[in-house]
Amino acid sequence: MRQLVKLVLGTLILVFSGCTKDFREINTNRNNPTSVTPDLLLSGVIRSTMNQQVSEAWSIGNLVAQYNAKIQFVNEDRYLWGERNGIWNNVYGNYRDLQNILTQVGSNTSSPYFGVCLVLKSWMFAQLTEAYGDVPYSQAGKGKTDGLFQPAYDKQEDIYNGILADLKRANELLATASGPFSGDLIYGGGAASIIKWRRLANSLRLRYLLRLSKQKSVNVEMQAIINDPTNNPIFTANSDNAELRYLSAAPNQWPLYDSRVGSFDEIRLSKTLSDRLTLMNDPRIRVFGRPTQSSVSAGSPVILGIPNGLSDVGALAYNGGPQNVSRVGYTFACLVCNDPGQPAPLPDAPRALLMTYAELQFILAEARQRNFISAGNAATYYNQGITANFAYWQSVVPAAYNLQISMPAGFISQPSIEYTGSENELLAKIALQKWISLYFNGLESWHEWKRTGLPTIVPGPANLNNNLVPVRYIYPLSEQALNSANRTAAIQRQGVDEINTRTWLFK
């Protein structure tokens with residue numbers, strides 16, 4: 001018996017000693033890395049956030065700004081909005097990866113990654129606060145490092161101050177940045193991209209300063225940027241546009257390219273957009289919408305939108321049915337969203353937008369018109385904005401589509417477009433052309449309308465929001481359980497958590 005016990009014990013010792021040999025190597029999954037280099041993290045953040053821009057524009061931004069309208073499942077177009085968590089989840093999810101980049105960079109503020117992360121962080125949190133109002137900011141993303149799993153909601157004013165400070169710092173740090181820099185899906189990375197990120201940082205500063213102008217004087221800060229182009233470079237041409245160019249091969253195609261045709265065709269051209277562009281004889285209407293299928297069959301192609309905010313029955317029956325309502329522009333279509341006789345659209349034609357040179361020109365036009373800045377001429381900025389937007393769409397829309405969207409002779413001298421009139425008329429003209437230039441750029445047009453009320457948005461006849469255009473998203477319902485006390489404090493400070501409560505920035 002004693003010999004048997006010794007034999008068993010000896011066997012167990014051999015077994016366990018064999019199990020511990022090379023234990024770490026055997027149990028390490030080399031296909032599941034525990035750390036990722038900054039370039040891979042950066043490309044992931046850019047791809048994710050820019051795809052969210054497209055998604056947010058398609059699902060809400062283009063509808064509330066009345067570029068597009070719905071003919072089926074029309075709740076969003078009637079302002080029956082529940083929680084919309086896309087931006088919330090996207091920003092906080094990607095902010096973790098920005099923090100991981102900064103952790104790897106450490107105190108090396110001369111690394112291009114440091115400044116670029118500040119630019120992206122600023123843009124991401126601007127989207128968040130402009131959609132929701134007060135949100136976690138200064139304590140955000142500190143669960144892992146500081147054990148802060150229930151971050152306080154910062155005031156929108158404080159968030160905006162942080163955004164502007166970070167953009168200013170990013171520009172200054174990038175001015176002397178050096179070292180490896182790749183994973184940049186917007187400007188291509190390398191040393192040559194640094195100046196473009198600086199231009200983006202300062203152009204975004206001008207965007208957010210103008211948006212802040214209802215609440216505080218921004219003259220000094222805007223003028224300081226404009227007066228010193230060497231130290232504060234801004235966009236100089238369409239080549240500086242901050243955009244994600246898609247590829248022809250999956251999975252990096254236009255995000256709507258693999259949509260179901262039925263889902264794609266629920267959304268059509270808005271009558272608001274088609275009417276405004278038709279009155280101006282604006283050929284850009286061919287970018288945003290297609291001739292109705294019935295008019296093409298009849299040999300007299302015409303582009304006609306549908307009013308926003310119709311009921312389910314009314315929307316589907318409008319003008320005799322979907323065959324008599326224009327589909328969304330061919331450039332933005334899905335694989336099988338081509339009209340009869342057309343080849344499939346190109347999967348890499350459209351782009352995801354962060355900011356464009358055209359938008360900057362309209363910012364400068366308004367700033368000059370309102371005397372926020374003293375440099376330049378408002379009419380020149382305005383005309384350059386229109387010209388740049390035409391040139392942008394000419395570069396985006398494939399020549400094979402033969403849409404003929406070049407600016408017609410005398411276009412800018414039309415009475416409805418020429419930079420003449422009263423102060424209010426001039427500001428309305430700037431707002432209208434800026435609105436056109438912001439097509440498919442996330443929620444930017446909505447935020448601009450909340451600031452200016454221009455161009456006019458009239459709720460549809462079957463709207464479900466008491467004839468009010470929504471001005472914010474409600475907080476994610478998960479916050480009631482996960483961060484209740486801080487959410488409650490924000491609501492007490494900001495106002496009831498509903499889509500009609502104006503936040504500080506837009507009061």
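Contact here means heavy atoms within 4.5 Å. Leu200 touches Val119, Tyr187, Phe235, Ala242, Leu354 and Met355, leaving aside residues up to four places away in sequence. The model is a predicted one, in which local features need pLDDT of at least 70 and side-chain atom pairs count only at pLDDT 80 or more, while totals for chains, interfaces and linings use all residues. Residues are numbered from 1 along each chain as its sequence is written, and side-chain values use heavy atoms, with hydrogens and water left out.

A nonpolar core is a set of buried Ala, Val, Leu, Ile, Met, Phe, Trp, Tyr and Cys residues joined through side-chain atoms within 4.5 Å, where buried means under 20% relative accessible area (1.4 Å probe, protein chains only). The largest such core holds 143 residues, and Leu120, Trp197, Leu200 and Met222 touch the most other members. Helix H5 (residues 112-132) gives the most to this core, with 14 residues; helices are DSSP runs (H or I, at least four residues) numbered from the N terminus. A second, separate core of 7 residues includes Ala69, Ile71, Val74 and Ile306.

Helix packing comes next. The axes of helix H8 (residues 194-212) and helix H15 (residues 357-369) come within 10 Å and cross at roughly 45°; axes are lines fitted to C-alpha atoms over the stretch in contact, and angles run from 0 to 180 degrees between N-to-C directions. Ser203, Leu206, Arg207 and Leu210 of H8 meet Glu359, Leu360, Ile363, Leu364 and Glu366 of H15. H5 and helix H18 (residues 444-452) pack at about 55°, with axes 11 Å apart.

How values were computed
Buried means under 20% relative accessible area, exposed over 50%, partly exposed in between (1.4 Å probe, protein chains only). Helices (H or I, at least four residues) and strands (E, at least two) are DSSP runs, numbered from the N terminus.
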